Amino acid sequence: MVVKTRSERHIKNTDPRKSPLTNMVPLVGIAMVGAPTVISLAPSTVYANEDGVANAQSLINQIGTAASEIANQNDLYASVMIAQALLESGNGSSVLSSAPYYNLFGVKAYNGGATVWLPTQEYLNGQWVTMTEPFRQYNSYYESLVDHANVLLASSSVTGQARYAGAWKSQTTSYYDATAYLTGRYATDPNYNQKLNSLIQRYNLTQYDTPSYYTQTTTTTTTTTTTYQATANYTVAKGDTLWGIAQKFGVSVDQLVAQNNISGELIVVGQQLSV
């Protein structure tokens, strides 16, 4: 299996009328299949600063606990994992990170499976070059987080050595070492580590690095969901997220997931939820 990664934040809009690619299809109503699909990107949304912070915090709230669990079980920094998700996905607003793709980290795929082809930029020979690349598709954020951990732990099929060992907790003294090692390896952006470090500091992401964070959160969640009683039903509408619904009804995302047996934090339009 060959796996390559790149920062999806550099994905550009593509005008189908000027693209040399064929078989372009619109984003709306796409049903993904096993074969690669080329799509045209909808215009990017430019968020005001306060909206960007809100989007970032929303994504952190959705993936923070899972990232802490997965990272701590795999000798990784949860802070770096969450920062990468924020940076690669544009705070969860990019096409690739949204349904039905759920690819938070710009993980590329050359081994078949559900794949989406998108125009992107690579930093090569001192300049940005536009390319069209295949990216993996997942069923949930959780799957994306797990696969990201697998990518960081994987060994090269050529050398047999771990590609990203320099980003592991056991091989570093702090997250600074990890982000520095990822720069030029995981992403071609020469300022990758500076951007990750800024996000980690801005959102205090190191709180997710301690094993006690996941343990305490799990214990609290278990106690809460045992006594939780649904009081109403809600029909999922277009644009809804678990976090948004939870905020609306004054419950936690974990409560909604447990009460409705939701897998991978995935909800669909029209779905009935007990809240």
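pLDDT is the predictor's confidence in each residue, from 0 to 100. I start there because this is a predicted model, and pLDDT is the confidence value that comes with each residue. For this protein the mean is 75, with 72% of residues at 70 or more.

One is residues 1–49, for which the model has 114 contacts beyond four places in sequence. The other is residues 219–228, with ten contacts beyond near neighbours in sequence. Where pLDDT is low, the predicted coordinates should not be read in detail.

Next, the helices. Two packed helices are described by the angle between their axes and the distance between the axes. For H4 and helix H2, residues 78–89, the axes come within 9 Å and cross at roughly 45 degrees. The two helices are therefore oblique to each other, and their crossing is right-handed. On the H2 side, the contact is made by Ser79, Val80 and Gln84; H4 contributes Tyr175, Ala178, Thr179 and Leu182. By class, that gives four nonpolar residues, three polar and no charged ones.

Last, the aromatics. How many aromatic pairs does a search of the whole structure find? Four. One of them joins tyrosine 164 and tyrosine 186, with centres 6.0 Å apart and 55 degrees between the planes, a tilted pair. Tyrosine 164 sits in the loop between helix H3 (141–153) and H4, while tyrosine 186 is in the loop between H4 and helix H5 (192–202). The pair thus links distant parts of the chain, 22 residues apart.

How values were computed. Residues numbered from 1 in each chain as written. Predicted model: local features only at pLDDT ≥ 70, side-chain atom pairs only at ≥ 80, totals over all residues. Heavy atoms only, no water. Contact = heavy atoms within 4.5 Å. Axes fitted to C-alpha atoms, helices over the stretch in contact; angles between N-to-C directions. Helix = DSSP H or I, 4+ residues; strand = E, 2+ residues; numbered from the N terminus. Parallel < 35°, antiparallel > 145°, perpendicular 65-115°, else oblique. Left-handed = near helix turned anticlockwise from the far one by under 90°. Nonpolar A, V, L, I, M, F, W, Y, C, P; charged D, E, K, R; others polar. Phe/Tyr/Trp six-rings, centres within 6.5 Å; stacked < 30°, edge-to-face > 60°.
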